[in-house]
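Please read the points below with the model open beside you, and find each residue as it is named. The note goes from the overall fold to single residues.

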Amino acid sequence: MSGTGTVLRELRGAQKSSKGVSLYSRYVNRPAGRLLAAGAYRAGLTPNQVTMISALFTFSSIVAVALVEPSWWLGVAVYAGLVVGFAFDSADGQLARLTGRGGPDGEWLDHVVDCAKMILVHSAVLISFDRFGALPGEGWLLLPLGFLFVAVLTFCAGLLREQLGKAAAGTVPAATGPAAPVSRVRAVALLPADYGVFCLVFLLLGAPGAFRAGYAALAAVHAVFLVAFLVKWFRELKALRAG
């Protein structure tokens, strides 16, 4: 079996494009996932097993949000679990590309876990608000529901954009010329929509008012991004049809 250094070098050469990726994913999550993928490779794990490890960390943290009274220590534990789960979520794809053991079953499992994560994390916040929140008003219970709607619609619309784009690309000539450079400005602009940045809000669980404010601010930002993404994706698909 190859040494860890060799595996890491091979993983660096098997990275996906950084186009459309925020700075957090590019410089924090993907490198962390690369280390975890190298460890998983050395341990003989499959990409699907790594996906399930990601799910274990993520779902354990989400259950804690719903069932445990908010506190500073809980916030740190939840944040750590979500971030580690997110890094393993990157590791499974990297391991699949390294070993050539990826397939439609693995991609399906990865998307199912991602979708469940998005639904459950906001559902857990709703439960926490109801059980422990001492909310200023019952209207705050609508906030997690709205955030859930935005997250799921963004996820589903993005998947449809990807799949329909692939289908349409098979009927039009492929673009030629050099690839567009990765925009650092875009990578910075995408930070508020990055899941890794979203996880930071759970560090405020010990201060309920600050958590609600941070969570509400992120919900508003994600709603703005959703509108921008929907317009962008619609125009791109329309251009593919015209082409």
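1. Helices and strands are taken here as DSSP runs, helices being H or I over at least four residues and strands being E over at least two, and they are numbered from the N terminus. By that reading the protein has nine helices and zero strands, and the order of elements from the N terminus on is α-α-α-α-α-α-α-α-α.

2. A word on the basis of this note: the model is predicted, so that local features need pLDDT of at least 70 and side-chain atom pairs count only at pLDDT 80 or more, while totals for chains, interfaces and linings use all residues. Residues are numbered from 1 along each chain as its sequence is written, and side-chain values use heavy atoms, with hydrogens and water left out.

3. For exposure, a residue is called buried under 20% relative accessible area, exposed over 50%, and partly exposed in between, with a 1.4 Å probe and protein chains only. Of the 243 residues in the protein, 38% are buried.

4. Helix 4 covers residues 72-99, which is 28 residues, and it reaches 40 Å from its first C-alpha to its last, close to the 40 Å expected at 1.5 Å a residue. The expected span is 1.5 Å times one less than the number of residues in the helix.

5. Where does Ala-134 lie? Its place is in the loop between helix 5 and helix 6, and at 74% relative accessibility Ala-134 counts as exposed. Ala-134 has a positive phi of about 45 degrees although it is not a glycine. As background, most residues other than glycine have a negative phi.

6. A salt bridge is counted when a side-chain nitrogen of Lys or Arg is within 4 Å of a carboxyl oxygen of Asp or Glu, and by this rule there are five salt bridges. Lys-117 pairs with Asp-89 in one of them, with the closest N and O atoms 3.9 Å apart. Since Lys-117 lies in helix 5 and Asp-89 in helix 4, this pair ties together parts that are 28 residues apart in sequence. Both Lys-117 and Asp-89 are buried.

7. Lys-117 also forms a salt bridge with Asp-114, where the closest N and O atoms are 3.6 Å apart. These two residues are three residues apart in helix 5, and so are separated by about one helical turn. Asp-114 counts as buried at 11% relative accessibility, and Lys-117 counts as buried at 7%.

8. In helix 9, Glu-236 and Lys-232 are four residues apart, about one turn of the helix, and their side chains meet in a salt bridge of 2.5 Å, N to O. An α-helix has 3.6 residues a turn, so residues three or four places apart point the same way. Glu-236 is partly exposed, with a relative accessible area of 25%, and Lys-232 is partly exposed at 32%. Elsewhere, salt bridges that share partners join Asp-89, Asp-114 and Lys-117 into one network.

9. Which parts of the chain line the largest cavity? A cavity is a set of points, on a 1 Å grid over the protein atoms alone, where a 1.4 Å probe fits but cannot get out, and lining residues have an atom within 4 Å of a point. The structure holds one cavity of 30 Å³ or more, and the largest has a volume of about 80 Å³, a volume being the space filled by probe spheres set on the points. Its lining includes Pro-70, Ser-128, Phe-129, Leu-205 and Arg-212, and helix 5 (104-132) and helix 9 (208-242) each supply at least two of the lining residues.

10. Two pairs of C-alpha atoms bring separate parts of the sequence into view. Ala-220, which lies in helix 9, is partly exposed with a relative accessible area of 44%, and its C-alpha atom is 9.5 Å from that of Gly-146, 74 residues apart along the chain. Leu-240, also placed in helix 9, is partly exposed at 24%, and its C-alpha atom is separated by 7.6 Å from that of Gly-165, 75 residues apart along the chain.

Terms used: 1 Å grid on protein atoms, 1.4 Å probe; cavity = no way out; pocket = protein on both sides within 12 Å on 5 of 7 lines; lining within 4 Å.
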